[in-house]
Amino acid sequence: MSLAAVPVQAASGATAPAAGDAILRRQRVRESAARTYARSFPIVPVRANGMTVEGADGRRYLDCLSGAGTLALGHNHPVVLEAIRRTLDSGAPLHLLDLATAEKDDFTSALFESLPAEFAGRARIHFCGPAGTDAVEAALKLTQTATGRSGALAFTGAYHGMTAGALALTGSVAVKEPLPSGGEVVRLPYPYGYRCPFGVGGDAGAELSVTYVERLLDDPSGGVVPPAAMILEAVQGEGGVVPAPDRWLREMRRITAERGIPLIVDEVQTGVGRTGAMWAVEHSGIVPDAMVLSKAIGGSLPLAVVVYREDYDGWRPGAHTGTFRGNTLAMAAGAATLRYVAAHGLAERAALVGDRMTARLRELADELPVIGDVRGRGLMIGVELVDPTAEADACGARPADPALAVRVREACLARGLIVELGGRHDAVLRLLPPLTVTDEQVAAVLERLAEAIAAAAVGGAGAAGGAGAGSGGARAGSGGVGASGQVER
């Protein structure tokens with residue numbers, strides 16, 4: 001029997017596959033052309049637990065997207081559900097603008113306890129609108145107010161959100177091209193070893209980036225007006241899972257500190273244990289002037305904040321406001337998530353599991369030449385797909401193959417694995433499993449991914465064809481891969 005044909009009873013009395021098809025049809029008709037993940041994954045989830053998502057068609061999927069990194073503990077983790085139920089049962093108000101509540105006080109305590117001590121000891125927090133992009137806007141306004149300047153330094157490959165100021169900082173030309181300018185932003189070269197902007201790669205490329213940034217800022221004819229801030233990601237996510245070398249980050253901190261330029265680190269996707277440390281800045285030991293936080297801090301619910309040095313707290317009341325800054329349920333779920341990650345050593349486990357996964361994927365690259373590069377940090381992993389028949393550049397990198405990446409994504413879905421694409425050419429498979437991923441699930445992810453890449457590389461009917469129980473998607477309740485506990489702004 002086809003897995004897609006296994007019925008699950010819908011609430012209306014119709015079988016779920018038929019109801020699911022109708023939902024997808026209505027979505028195509030009623031929702032905007034800007035929808036994204038719905039195009040990549042034409043499924044209707046009806047239940048989710050840990051890393052496992054069950055569709056209306058009765059198939060089960062291992063979710064390596066995790067709400068674009070939002071679900072640190074996976075779907076519907078018991079500690080998150082308990083925090084939500086406890087808050088609901090308490091009768092606490094769910095919406096209070098920015099008034100003080102016990103839930104907000106507890107969340108703030110949990111967050112400050114998790115931050116690097118040197119940073120948290122002199123920090124203030126501002127609760128923003130419920131998306132990371134709003135926290136980026138707040139951080140910009142904060143530093144503009146503190147410095148009296150207006151420009152910003154940002155990097156190639158950056159992603160900081162889709163609102164005007166955040167979009168101006170974002171590197172992708174495709175999303176910026178149709179829009180008017182969002183402000184003066186000086187674009188700097190991010191150290192991307194595989195596709196080095198200087199054509200040398202490795203440590204040498206990172207050193208050249210440092211030299212370029214420092215000399216540009218000090219050049220009186222370099223065209224750079226003293227900026228309000230520099231903003232960067234310790235690991236670029238949407239940019240293709242590109243980790244910055246720790247020494248490079250320390251040099252950016254030195255350069256900005258010596259010139260009185262506030263340093264903002266965007267930890268929207270890298271935070272809460274994702275990279276193998278609670279916060280990605282901990283790998284390098286730098287202390288930024290501001291950190292932008294969202295996604296996993298809300299325990300799967302919308303929440304975004306900017307935390308910053310107290311001596312930057314010079315803006316007036318109402319300088320950055322918004323209606324939905326007091327999400328009580330998100331604060332309760334977020335506090336529970338932060339404490340669970342810390343108490344159970346999930347950041348440390350992310351480092352170990354991530355190393356194991358990248359090691360296996362690099363072995364796979366030796367077998368499958370379409371894999372050009374494997375990189376990442378912790379459970380933030382990228383697999384860049386290339387055309388192995390094309391000529392390599394000076395760094396040994398071959399041209400990206402976005403068409404192959406699409407075929408691999410489809411082949412993964414057919415095998416019961418959800419992975420999304422990113423990177424400069426949308427040719428990087430991005431793996432963001434929950435921090436609670438089990439060893440059994442890791443093995444299943446790697447097996448299905450290897451099968452999908454191999455099938456897509458040779459093309460033909462087998463690339464994304466329906467997968468039987470032996471190669472992926474399992475029926476709900478059929479004893480597929482177990483679930484235990486389980487990423488856009």
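In what order do the seven strands of the open sheet with mixed pairing stand? The order is 4-12-11-10-7-5-6. This is a predicted model, in which local features need pLDDT of at least 70, side-chain atom pairs count only at pLDDT 80 or more, and totals for chains, interfaces and linings use all residues. Residues are numbered from 1 along each chain as its sequence is written, and side-chain values use heavy atoms, with hydrogens and water left out. Helices (H or I, at least four residues) and strands (E, at least two) are DSSP runs numbered from the N terminus. Two strands pair if DSSP finds at least two bridges between them.

- Strand 5 (residues 152-155) runs parallel to strand 6 (residues 185-188), and four bridges join them; F155 has L188 of strand 6 as its bridge partner.
- Strand 5 also pairs with strand 7 (residues 229-232) in the parallel sense, over two bridges, and A152 stands opposite A229 there.
- A152 and A154 point one way from strand 5, L153 and F155 point the other way, and all are buried (under 20% relative accessible area, with exposed over 50% and partly exposed in between, for a 1.4 Å probe and protein chains only).
- Three bridges pair strand 10 (residues 263-266) with strand 11 (residues 290-293) in the parallel sense, and I264 has A290 as its bridge partner in strand 11.

- Helix 5 (residues 102-114) lies across strand 4, strand 11 and strand 12 (305-309), at about 135 degrees to strand 4; contact means heavy atoms within 4.5 Å.
- Helix 11 (residues 246-258) lies across strand 5, strand 7 and strand 10, and runs at about 170 degrees to strand 7.

- Four strands form an open sheet in the order 13-14-17-16, with antiparallel pairing.
- The edge strands of this sheet are strand 13 (371-377) and strand 16 (420-422), each pairing on one side only.
- From one strand to the next, the twist averages 30 degrees.
- Strand 13 and strand 14 (residues 380-385) run antiparallel and are joined by six bridges; I371 stands opposite L385 of strand 14.
- Helix 14 (residues 346-367) lies across strand 13, strand 14 and strand 17 (428-431), at about 175 degrees to strand 13.
- Helix 16 (residues 439-458) has 20 residues and reaches 29 Å from its first C-alpha to its last, close to the expected 28 Å, where the expected span is 1.5 Å times one less than the number of residues.
- The buried residues of helix 16 include V442, L446, L449 and I453.
- The buried residues of helix 16 pack against strand 3 (59-63), helix 14, strand 13, helix 15 (402-414), strand 15 (417-418) and strand 17.
- G459 follows helix 16 and has a positive phi near 70 degrees.

- Strand 1 (residues 45-49) and strand 2 (residues 52-55) run antiparallel, joined by four bridges, with A48 opposite V53.
- The hairpin of strand 1 and strand 2 has two residues between the strands, and G50 takes a positive phi near 65 degrees.
- Three bridges join strand 2 to strand 3, which run antiparallel; E54 stands opposite R60.
- The hairpin of strand 2 and strand 3 has three residues between the strands, and G58 in the turn has a positive phi of about 90 degrees.
- Both faces of strand 2 are covered: T52 and E54 are buried on one side, V53 and G55 on the other.

**Rings and a buried threonine**

- The whole structure holds six aromatic pairs; rings of Phe, Tyr and Trp (its six-membered ring) pair if their centres lie within 6.5 Å, with planes under 30 degrees apart counted as stacked, over 60 as edge-to-face and the rest as tilted.
- F155, Y190 and W248 are linked into a cluster by ring pairs.
- K104 lies over the face of F127, 4.8 Å from the ring centre; the criterion is NZ of Lys or CZ of Arg within 6 Å of the ring centre and within 35 degrees of the ring normal.
- T328 lies in helix 13 (residues 328-343) and counts as buried because its relative accessibility is 1%.
- Leaving aside neighbours within four places in sequence, T328 is in contact with T87, A92, P93, L94, H95 and E103.

Conventions
Axes are lines fitted to C-alpha atoms, for helices over the stretch in contact, and angles run from 0 to 180 degrees between N-to-C directions.
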